[in-house]
Amino acid sequence: MTVSAAGRPPGTGAGGVRYLFLLYGDPAGEADLTAEQRRAVVGGHVALGRELAAAGTLHLAEALGDGVRVLHTDGTVTDGPFAETKEQLGSVYVVDCASAGEALALARRMPASPGLTVEIREIQEV
């Protein structure tokens, strides 16, 4: 069983339901940011992560690297990503929220960056 930083099993924190936030952005647009703008975006994520951790609702918040390797069922390994889109997956959060509405409100608080799209998925307990 996974245990949160607050020492509780997932789904038993202040919110009760775990949600996965997948943050997509436009790498070309992000590359065009000034150093100050980049620091502001990163600083916003750090501040939000600290706030959620202090509330006992944060399970995970991580930036992702650029490289993707895909293992197929036949055992072959290929490079990715394969989607022909401008946006690429760049960060993930896992948090406890009381409801889907609360998760949506939290997604709206993610620091703005070029092309930002936040995909919200409820994590099913099994």
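Which residues of helix 3 are buried? Keep that in mind while we get set up. You're looking at a predicted model, where local features need pLDDT of at least 70, side-chain atom pairs count only at pLDDT 80 or more, and totals for chains, interfaces and linings use all residues. Residues are numbered from 1 along each chain as its sequence is written, and side-chain values use heavy atoms, with hydrogens and water left out.

**Stop 1: helix 3**

Select residues 100-107, which make up helix 3. (Helices are DSSP runs of H or I with at least four residues, strands are runs of E with at least two, and both are numbered from the N terminus.) Its buried residues are Ala103, Leu106 and Ala107; buried means under 20% relative accessible area, exposed over 50%, and partly exposed in between, with a 1.4 Å probe and protein chains only. They cover an arc of only 100° around the axis, so they sit on the same side of helix 3. That arc is taken from the directions from the helix axis to the C-beta atoms. Now show strand 1, helix 2, strand 5 and strand 6 (117-122): the buried residues of helix 3 pack against these.

**Stop 2: helix 2**

Next, pick residues 35-55. Helix 2 has 21 residues and reaches 30 Å from its first C-alpha to its last, close to the 30 Å expected, that is, 1.5 Å times one less than its number of residues. Colour Val41, His45, Leu48, Gly49 and Leu52, which are buried. Look down the axis of helix 2: these buried residues fall within an arc of 100°, so they line one face.

**Stop 3: the largest pocket**

Centre on Glu30, Ala63, Leu64, Gly90 and Ser91, the lining residues nearest the middle of the largest pocket, which has 31 in its lining. (A pocket is an open set of points on a 1 Å grid over the protein atoms alone, where a 1.4 Å probe fits, with protein on both sides within 12 Å along at least five of seven lines; lining residues have an atom within 4 Å of a point.) Helix 2 gives the largest share of the lining, 7 residues.

**Stop 4: Ser113**

Finish in the loop between helix 3 and strand 6, where you'll find Ser113. Ser113 counts as buried because its relative accessibility is 19%. Setting aside neighbours within four places in sequence, Ser113 is in contact (heavy atoms within 4.5 Å) with Glu30 and Val41.
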